[in-house]
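Please read it alongside the sequence and the coordinates.

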Amino acid sequence: MSSMLFVSVLVLTGCKADIRKDKAVEGSSEPLTKVTVTNRDDETVIDGDRDLNQLVFDQHEYQYDVVTGATQTTFGTTPPALYSEQEKQEKMFWSNQPPLGLLKGDYYRNEGSFTGGNYGIVEIVTEENKGKILNVEFTEFASDPYYESKYSGVNKRLSDYAFFQASNTRTDPTLVTVVNGITYLEKQMRDENRVTGEFNTVNGSSTSARDGFMPLAAALDDSIRKPTNTKYQGYAEELANGLIARLEVITTAGKITEVFYDEYFADTQEKITDPDLKPYYRQSKYYSLMYNEKTNHEFVTFSDQLVAEIKESQSLVLSTERLMSYPSYESYQKLAEHIQLKAQ
């Protein structure tokens, strides 16, 4: 990762988020519209009308130039810098936070390759038996091979890939990364309860959004309006050290089919109490290249073995001493208490 370390600001003005090696999208003649996006706590009734759960999404305010048509990328250029490194640090912001709190409902997923060999996964959770979209999440992995070999096959959202984008002068005019484009589109789909039709995209970042995210999500339009026996339960909360722990459990006909546990470093270094962990902010333990190189992939090993045991035992209660002695076990156990599995 670039040695550039970015600090938090509340307002972002920007356009371009995606860097591409192989395709310049045709320019759009549509005028740009500047919009301000404020993400607030969303109150969502999830389990019938009995339990009121408050889902908290990204709490930052952004100001974007948006466009509804394709936009022009500038891959292959290195324009003169518009800002000093410090000035740019103070202007750029993006968030890696998952929704905090309890999220549960019907689960739908679509995935596939799109332009340039990148790979996308769309996951949608709807209110059980009602079809209202509670969350949409897009995960993108860089193509393999990728022009910058370090990022071949890498999770763009939860690694330091966005910092790599931010360190290039091509993002000076727009001051956004691919993460801004992804989260902006996710918010529209949640708020408008739809995955088809026209959406605004951050100007210049439409490649991933339009070639990957939007088609994969649109293909689920019929499915998400119908009940399914595949259910999602996810719980995330902030830990005392400034990190965020997240546990996700997917069941089909009552059987645990997928599990994932990760810990997200805070959006700002100031919130992370351990000085040794501050360099990894806006990344996650599972996907951070730097963190895993430093720790010999210990967290990935823990998370993978945890998943294997849960799927084998069909229980969130662990019994392997090696896993129970790992530092993250206590955080995992605390989250697991919020996940209620039905007896098979």
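Asp221 is partly exposed, at a relative accessible area of 21%, where buried means under 20% relative accessible area, exposed over 50%, and partly exposed in between (1.4 Å probe, protein chains only). The model is a predicted one, in which local features need pLDDT of at least 70 and side-chain atom pairs count only at pLDDT 80 or more, while totals for chains, interfaces and linings use all residues. Residues are numbered from 1 along each chain as its sequence is written, and side-chain values use heavy atoms, with hydrogens and water left out.

**Salt bridges**

- Asp221 forms a salt bridge with Arg225, with 3.9 Å between the closest N and O atoms; a salt bridge is a side-chain nitrogen of Lys or Arg within 4 Å of a carboxyl oxygen of Asp or Glu.
- Arg225 is likewise partly exposed, its relative accessible area being 37%.
- Glu140 pairs with Lys156 in a salt bridge whose closest N and O atoms lie 2.9 Å apart.
- This pair links distant parts of the chain, 16 residues apart: Glu140 belongs to strand S8 (residues 133–141), and Lys156 to the loop between S8 and helix H2 (161–166). Helices (H or I, at least four residues) and strands (E, at least two) are DSSP runs, numbered from the N terminus.
- Glu140 is buried, with a relative accessible area of 1%, and Lys156 is buried with a value of 1%.
- In total, the structure holds 19 salt bridges.

**Helix H3 and its end**

- Helix H3 (residues 178–192) comprises 15 residues and spans 22 Å from its first C-alpha to its last, close to the 21 Å expected at 1.5 Å a residue; the expected span is 1.5 Å times one less than the number of residues.
- Of the 15 residues of H3, 13 are buried, so the helix is largely enclosed by the rest of the structure.
- Glu192 is partly exposed at 38% relative accessibility and forms a salt bridge with Arg194, the closest N and O atoms being 2.6 Å apart.
- Arg194 is partly exposed at 23% relative accessibility.

**Overall composition**

- The protein contains 9 helices and 12 strands.
- Of its 344 residues, 55% are buried.
- Among contacts (heavy atoms within 4.5 Å) between residues at least 6 apart in sequence, 65% join residues at least 24 apart.
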